[in-house]
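Subject: A structure for you to explore

Hi,

Here is the structure I promised to pass on. Please open it and keep it beside you while you read my notes.

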Amino acid sequence: MKIRIHFLGRPLLALCLLLASITAIDRVEAASDWRNKISNYCAAALICVASGCVNSNRSSDFHSSQVLSNVQGMTVLRSEPENHSGMQEWRNSMIEPSPETRTKVLGALSINAEKYPTGFLKNVVSEGVFLSFLPAKNSRAPNGFTSKKEPARLDLVIIVRDNSQSIEDRIPLAETFDHELGHLILNRVGDAEFRSAWLALNPKDFKYKNQGEEFTSFTTMFRAPQPHWRNWYPWFAPLAGGDYVSKGFASLYAQSSFEEDFAETVAVAMSPFLRERWDELKVMTPILCEKIKLVMEAFIKVDPRFMDYFPKS
């Protein structure tokens, strides 16, 4: 049986152990016999070590006990409130998914990971992917965020409806994963020179600002099977706030910041249909294609094997 200590109890337990160690040291000073001094010194040292183990590295215990799967060498873990780096309302609302939901999510991650070179995900997402499950409220699709320091961490927030996965297919989850992975890639290669090259592709006098998040973006449509995406686009673009795609943006959200612009473009570039739709995409939105070429360069810089994945421009 594995005994788990609630995260609020850890600091209290550490404090009690620290007080016990101080008491043991006091007994050392009071002891007259040298044998008692040695035994009390040993007791104090052991208590101090125990206190440090409880209060210092919680994540090591978490990693060993909550690993769900291993995808392409990348560890997939079940997140918990005390280990969750997201917003407070997410930490307070996390639920335990059904085995069916967990299996669906892990299966979707595994299928999406097949397109990446062996060992690439383990290298980039060095700490692992952390899954959080939330009940359906206002959110419609998976969400995510990443760390900006090493070891790199990627968090995915899965919305659960009726104790099953909220999405009918794998597209939104894979799209979210690729988007967040894009942030980790940008952390590695997004220097001033790269940023300048990217910004030079934007329309003149354009400034990033929050444009809102549309229900369905061009990114999502582009990743959908034929003929789904092509039929939606002509009437969807005006409803989504203008023809942002022809201006070189994958979504309204891409216009909120340089970082989100890059990540949304990654989600298009990592579409399994990019090769077969590349020529059509170059006609539809040549500016977005130039950004996709920069995404290609960024991925190839991290791992040259991507030269075989992307279409020849």
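Is T176 buried or exposed? T176 is buried, with a relative accessible area of 13%; buried means under 20% relative accessible area and exposed means over 50%, with partly exposed in between (1.4 Å probe, protein chains only).

Before going on, please note that this is a predicted model, in which local features need pLDDT of at least 70, side-chain atom pairs count only at pLDDT 80 or more, and totals for chains, interfaces and linings use all residues. Residues are numbered from 1 along each chain as its sequence is written, and side-chain values use heavy atoms, with hydrogens and water left out.

Back to T176, which sits in helix 7 (residues 171-189). Helices (H or I, at least four residues) and strands (E, at least two) are DSSP runs, numbered from the N terminus. Not counting residues up to four places away in sequence, T176 touches P142, N143, G144 and L156; contact means heavy atoms within 4.5 Å. T176 and A267 are 91 residues apart in sequence, yet their C-alpha atoms are 7.6 Å apart in space.

Next, the core. The largest nonpolar core has 59 residues, and F177, L181 and F299 have the most contacts inside it. Such a core is a set of buried Ala, Val, Leu, Ile, Met, Phe, Trp, Tyr and Cys residues joined through side-chain atoms within 4.5 Å. Helix 13 (residues 286-302) gives the most to this core, with eight residues. Another core, of five residues, lies apart from it and includes M94, L134, F145 and I159.

Now look at helix 5 (residues 99-113). Its buried residues are T101, V105, L106, A108, L109, N112 and A113. Seen down the helix axis, they fall within an arc of 155°, so they line one face of helix 5; the arc is that of the directions from the axis to the C-beta atoms. On the other side of helix 5, P99 and T103 are exposed.

Finally, some strands. Strand 1 (residues 67-71) and strand 2 (residues 74-78) pair in the antiparallel sense over four bridges; two strands pair if DSSP finds at least two bridges between them. N70 stands opposite T75 in strand 2. The two strands form a hairpin with two residues between them, and Q72 in the turn has a positive phi of about 55°.

Enjoy exploring!

Terms used: The expected span of a helix is 1.5 Å times one less than its number of residues.
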